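This report is for a reader who has not seen this structure before. Please look at the sequence and the model first, then read on.

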Amino acid sequence: MTDESAPALPAAPKPAASAAAPKTPAPPPPGAVPAEVSRRGFLSTIGVAWAAFAAACGAGAIATTRFMFPNVLFEPPQTFKAGFPSEFQVGTVDNRFKESYGVFVVRDEQGIYALKAVCTHLGCTPNWLEAENKFKCPCHGSGFYRSGINYEGPAPRPLERYRVVLAEDGQILIDKTKSFAFEKGEWSNPESMVAV
Ligand code: FES
């Protein structure tokens, strides 16, 4: 039984449904990229663009440097003056042009000729040995007389001679664009020796 004389308790207020219920974010539309991912993608794209720009700048700088300082190989001239005939004593081999031009200038009783300082075996540079009166190749031991004729070691033929003429001023002019080979009978060419 209920006591009808007891005062009725006030009804507890009902919470508003809209205030109490947590809001759930609306699902992204299909195909949409989350904001964080989109920002990272943007920064990544910027980074790639800067890297490409820096690479292009670097390549341009290298190309400019190569243009300003080209990798040119400076060769000595093919024709040069060696001096006046009177400067060469009979029976001597002049080594002065060996390093710079690859030439030995020899004077014998007949005249002056220019021997090519390249061994006919495999191309090493022979040395003139004054005490032994011969050219000797340091690579495999080929020996050559003062004339350039081979006589020992594996060299199959004599040293070659370059073209020599007298220039207008009377100096010996050595022309490396033309050479003469003994085995071809070319040493009889008047330009293979300057007669003195
Ligand atoms: S290169 Fe001169 S002897 Fe071989």
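**The chain as a whole**

The model is predicted. The protein chain holds 3 helices and 11 strands. Read from the N terminus, its elements follow the order α-α-β-β-α-β-β-β-β-β-β-β-β-β. The chain has 196 residues, and 28% of them count as buried. Its accessible surface is about 13,400 Å², and carbon and sulfur atoms make up 62% of that area. Among contacts in the chain with a separation of 6 or more, 47% are between residues 24 or more positions apart.

**An open sheet**

How are strands β5, β6, β7 and β8 arranged? These 4 strands form an open sheet in the order β5-β6-β7-β8, with antiparallel pairing. The edge strands are β5 and β8, each of which pairs on one side only. Strands β6 and β7 pair with each other in the antiparallel sense, over 2 bridges. Lysine 136 stands opposite glycine 143, which is in β7.

| Strand | Residues |
|---|---|
| β5 | 127-129 |
| β6 | 134-136 |
| β7 | 143-144 |
| β8 | 150-152 |

**Aspartate 175**

Aspartate 175 lies in strand β10, which covers residues 172-180. Is this aspartate buried or exposed? Aspartate 175 counts as buried because its relative accessibility is 9%, and the cut-off for buried is under 20%. Its side chain makes a polar contact of 2.5 Å with the side chain of threonine 177. Leaving aside residues up to four places away in sequence, aspartate 175 touches Gln78, Thr79, Tyr162 and Arg163.

Isoleucine 46 is found in helix α2, which spans residues 35-68. With a relative accessibility of 36%, isoleucine 46 counts as partly exposed, so it falls between the limits of 20% for buried and 50% for exposed. Which residues form a nonpolar patch on the surface? Ile46, Trp50 and Phe53 do, and together they have about 350 Å² of accessible area.

**Two residues in review**

Aspartate 175, at 9% relative accessibility, is buried, whereas isoleucine 46, at 36%, is partly exposed. The aspartate belongs to strand β10, and the isoleucine belongs to helix α2.

Definitions and conventions: Residues are numbered from 1 along each chain as its sequence is written. This is a predicted model: local features need pLDDT of at least 70, side-chain atom pairs count only at pLDDT 80 or more; totals for chains, interfaces and linings use all residues. Side-chain values use heavy atoms; hydrogens and water are left out. Buried means under 20% relative accessible area, exposed over 50%, partly exposed in between (1.4 Å probe, protein chains only). A polar contact is a pair of N or O atoms within 3.5 Å; within protein, one must be able to donate a hydrogen and the other to accept it, and residues adjacent in sequence count only if both atoms are side-chain atoms. Contact means heavy atoms within 4.5 Å. Patches are made of residues with over 30% relative accessible area and no salt bridge: like charges are joined within 9 Å, nonpolar side chains (Val, Leu, Ile, Met, Phe, Trp, Tyr) within 5 Å. Accessible areas come from the Shrake-Rupley method with a 1.4 Å probe; for residues, only the protein chains shown count as cover. A salt bridge is a side-chain nitrogen of Lys or Arg within 4 Å of a carboxyl oxygen of Asp or Glu. Two strands pair if DSSP finds at least two bridges between them.
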